[in-house]
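Me: Could you take a close look at one part of this model for me? I would like to hear about the packing inside, and then about whatever lies around it.

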Amino acid sequence: MGYFSRRLITFLSVFLLIFTLEITPVAAKTEIPVKSSIQPYLDRVIQKIDEFTLDNGLKFIILEDHQAPVVSFVTYADVGGVDEPEGKTGVAHFLEHLAFKGTSKIGTSNYQEEAKLLDQLDLKFQAIKEAKKAGIQSQITQLETEFKEIEEKANQFVKQNEFGQIVEMAGGVGLNAATSADSTIYFYSFPSNKLELWMSLESERFLDPVFREFYKEKEVILEERRMRTDNSPTGQMVESFLDTAYTKHPYKRPVIGYNQDIRNLTTEDVKQFFQTYYAPNNLTIAIVGDVKSKEVKKLAQTYFSRFKGQEKPPQLEIIEPLQTETKQVELALQSQPFYLEGYHRPSINDPDNAVYNMIAAILSNGRTSRLYKSLVEEKQVALAAQGFNGFPGDKYPNLMLFFGLTSQGKTINELAEALHLEIEKMTTELVTEDELNRIKTQAKADFLRMLDSNMGMAQTLVEYEVKTGSWSNLFTQIDRISAVTPDDIQRVAKKTFTPENKTIGRLISQNN
């Protein structure tokens, strides 16, 4: 379990772990069509997609693909780090962890007795907080001893990872989840004859969740934060960079949460967050693979109509003010020098979204990209140089981010100058038709490869449904890519790559 952001680079694994999660799809292989048959192929895919919404507001998207007896499931909760209350950062990610702990029937040998002890733990935790606030050390020590004793008794009733074991024994693979700034998704794949088992398991864990091992999981999450942020120069740089680039919007906050917020979270905080944002009309489910839509509808009615309807959760209304001058942040840590340069850009629903994607691809898509060829191969000022859109999310206006790691003997200023020179060229020189066509071909190939995976297709369908208003917008992407011109590239680059829209981050080596 962790964090994710679509289409990130694989370089600097510690950095990416803060925002990404490895996803291993179970794919039903499909022959990728040649260029001339792309649209007929897409039309055939669209014809296989069905959708329906239960009376309680929970929506299902189904894509039938009978080429292999497997099916992938994605439950998409339209809630992420941006939706957390002030002072309770990390609660969305915490809830994602707890969603694997089971129910009153799964994960326990005696829920009635376990529940009594879980209530006692919450009361004892509150007493410890009050004792710490009062500074009574003898009382703190005694309460902590009693807390551990109760926790050990509660653990005796826990059947560790029973939910996961049920999935694995039934042939399920890829059981995982991911929390981002924008959303939380839960996913895995099953043999197609286990459709009803998935319906039962997935509905139960959100209808009857038990947030057991809460305090144990809190320590796990705090250790994640220590490893990926507090003890990681790159993690500290990223957190400081976001805090500098944003003044008001919650994109400035880390998805894992701030240390003190995580420590102070209670089970009641998680329960309230769950009750607010895991309403059926805030969930969307995509099912892709060897299923029949009619059977899915029947089973969904049986299992998921048990969820009571409620009002739509509150929507984020905070708008980031327009940036009017270059912002900078610099950290001196024991680390290889690392440079970041980011520019504010609009959300995924902006008409120029495809243009932004083409700009990022031209600059940083692989070894043929401008940044790699110039900074790594020719000038040799960087060991790696990359960039991407949608940082740290793309539901709201976000950042186009570029970064590089200095080569031996090169300074961070040399890297910054070379990187910015390539960015500036986008505003002063038209991209050639040959270069743009090559990038378009790569983008279309990536798009089609995504369609070739049950899990990839399920995740993308549900994301487009929630973020853009309809899954069908996914299938306009080929046309949008094709329509981008060199003039579009330069127009958007001039609008975006301005000094007043720029945020710079420098991680410099601290002398020992």
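Predicted model: local features only at pLDDT ≥ 70, side-chain atom pairs only at ≥ 80, totals over all residues.

Reply: Happy to! Leaving aside residues up to four places away in sequence, Phe304 touches Leu54, Asn56, Leu58, Phe60, Trp198, Met199, Glu202, Ser203 and Ile285. Two of these contacts, Phe60 and Met199, join Phe304 itself, Tyr278 and Ile287 as the residues that touch the most other members of the largest nonpolar core. That core has 64 residues, and α4 gives the most to it, with six residues. Another core lies apart from it, with 37 residues, including Tyr356, Val376, Leu415 and Met426.

Helix α4 also leads us to the second largest pocket, where it supplies the largest share of the lining, seven residues. This pocket has a volume of about 560 Å³. Its lining counts 32 residues, with Pro209, Val210, Phe211, Lys271 and Phe274 nearest the centre. Besides α4 (111–134), the elements that give two or more residues to the lining are α5 (137–155), α7 (195–207), α8 (214–230) and α11 (267–277).

Finally, have a look at strand β6, residues 184–191, where seven of the eight residues are buried. β6 runs antiparallel to β4 (residues 70–77), and eight bridges join the two; here Thr75 has Tyr186 as its bridge partner. β5 (residues 173–179) is also antiparallel to β6, through five bridges, with Ala178 partnered by Ile185. A hairpin of four residues links β5 to β6.

Notes: Residues numbered from 1 in each chain as written. Heavy atoms only, no water. 1 Å grid on protein atoms, 1.4 Å probe; cavity = no way out; pocket = protein on both sides within 12 Å on 5 of 7 lines; lining within 4 Å. Points joined across faces, edges and corners; volume = space filled by probe spheres on them. Core = buried A, V, L, I, M, F, W, Y, C linked by side-chain atoms within 4.5 Å. Buried < 20%, exposed > 50% of the residue type's maximum accessible area, 1.4 Å probe, protein only. Contact = heavy atoms within 4.5 Å. Pairing = 2+ DSSP bridges.
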